[in-house]
Amino acid sequence: MTEPTGLSAAAEQSVPTQLMKHKKEVGVASEELGSANAATDQKEQTTSEISKDYVYRSSGRPEKTEIIKSLVTDQDEARNCELYLPASSYCSAVESPEESEEDMYRDAEEIEREKILLREANSSEYKLSVSPEMDIMEYCRKEWRGNTPVAKRMRKGYEAVAQKFASIRRIRGDNYCAFRATLFQALSQATQLPGWLQSEDLTMLPENLLNKYDWIKQWQLKQKLGKKMGEISDEIKEYLILLRKKWRNISEIKDPIEKQEACDKLFKNEEEEYSLYEALKFLMLNTAIELYNDDKNGRRVPVFSWLLFARDTSSNPCQLMHNHLNHIGHTGGLEQVEMFLLAYALQYTIQVYRLYKYSTDEFITLYPNDPEEDWPVVTLITEDDRHYNIPVRMCQETML
């Protein structure tokens, strides 16, 4: 399914991971993050050079870099726009099919289907955050009726998923769908509170980060742009407390039916739901800062971290916040490399069936691709790396 405000896509087309042609210097107010000039100097190496170099130095397994680099370069379209522009000045999240350059790569059926999906996304029928279960092959037949190569590939992909899962639940597409799908799956199977949520330091995180990094004053909350950082700090603290409370409450429910009902109820409460997503965004920023500082201090970091900060739009955490995290939920969703960051922030493995990659090695992708053994696993489905739905009801033979 297509997210209403996601980036336009040509599923088979790769683009360079150098996403920006215009650079701006960004001052960083702490020694840990370094200067913007230092970050800019790193751009003399291409992303390919950086990823190739550091896989040999950090993991000794060059093949894993190629997998991650492929995920990053599969971004559907570069953000060809200036840094630090207000949301309204950013490249339009959805171009009309007639105006989009991608049309040369898509057939008429796909273009018409996207028009229908965009209209559906604005109707009240599709405002449910997580729709009721539907037989996965019935859903596939409803969505992909044509005989184009894309439709045939999608049907094959769904048939493969149906070997493991019986049903699918459609996720609302409002640029939070990656958060929504991941968090819903995590809570649905939670049996205990994760260690990082138990930490007493969790609620002090906004205040502690602000004391170190003055640029975090420009953090933006959904529909609350322009608030003073003191107020935002208090709100994020409340969001983190809410995340801990909801996770604990749901994990303590033993009956699977009651647990599912509790999750459904939570994701029907729009105010609480979006508060949880803001908490996740801030946890991602904290994780990015930790990875950036670890690298600067000579400690080993995962390969995706190099690719995350190799982008012209996020050469340091300050730029990452301004040009990416601040816009999630407003003008765009998560890019592929940011799915790795979300997985690290939650300490979960995110397994994704990428249907348009059916019959390739990337059909089932793990974020991260070398996860910790004790990390829980959640499973998502995507047709285009922009919108995510969730498979449910694992088949009995698979469970056995």
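1. Where is the place of Cys 177? Cys 177 sits in helix H7; helices (H or I, at least four residues) and strands (E, at least two) are DSSP runs, numbered from the N terminus.

2. This is a predicted model, in which local features need pLDDT of at least 70 and side-chain atom pairs count only at pLDDT 80 or more, while totals for chains, interfaces and linings use all residues. Residues are numbered from 1 along each chain as its sequence is written, and side-chain values use heavy atoms, with hydrogens and water left out.

3. The unreviewed UniProt entry places the feature "active site" at Asp 174, Cys 177 and His 387. These residues are spread over 214 residues of sequence, yet they cluster in space, with a largest C-alpha distance of 9.1 Å. UniProt positions follow the numbering used here, feature names are shortened, and annotations may be inferred rather than shown by experiment.

4. Asp 174 belongs to the loop between strand E2 (165-171) and helix H7 (177-188). Its relative accessible area is 15%, so Asp 174 is buried (under 20% relative accessible area; exposed is over 50%, partly exposed in between; 1.4 Å probe, protein chains only). Cys 177, at 1% relative accessibility, is also buried.

5. The structure holds 19 aromatic pairs (rings of Phe, Tyr and Trp, its six-membered ring, with centres within 6.5 Å; planes under 30 degrees apart count as stacked, over 60 as edge-to-face and the rest as tilted). The rings of Tyr 176 and Tyr 277 are stacked because their centres are 5.1 Å apart and their planes lie at 25 degrees.
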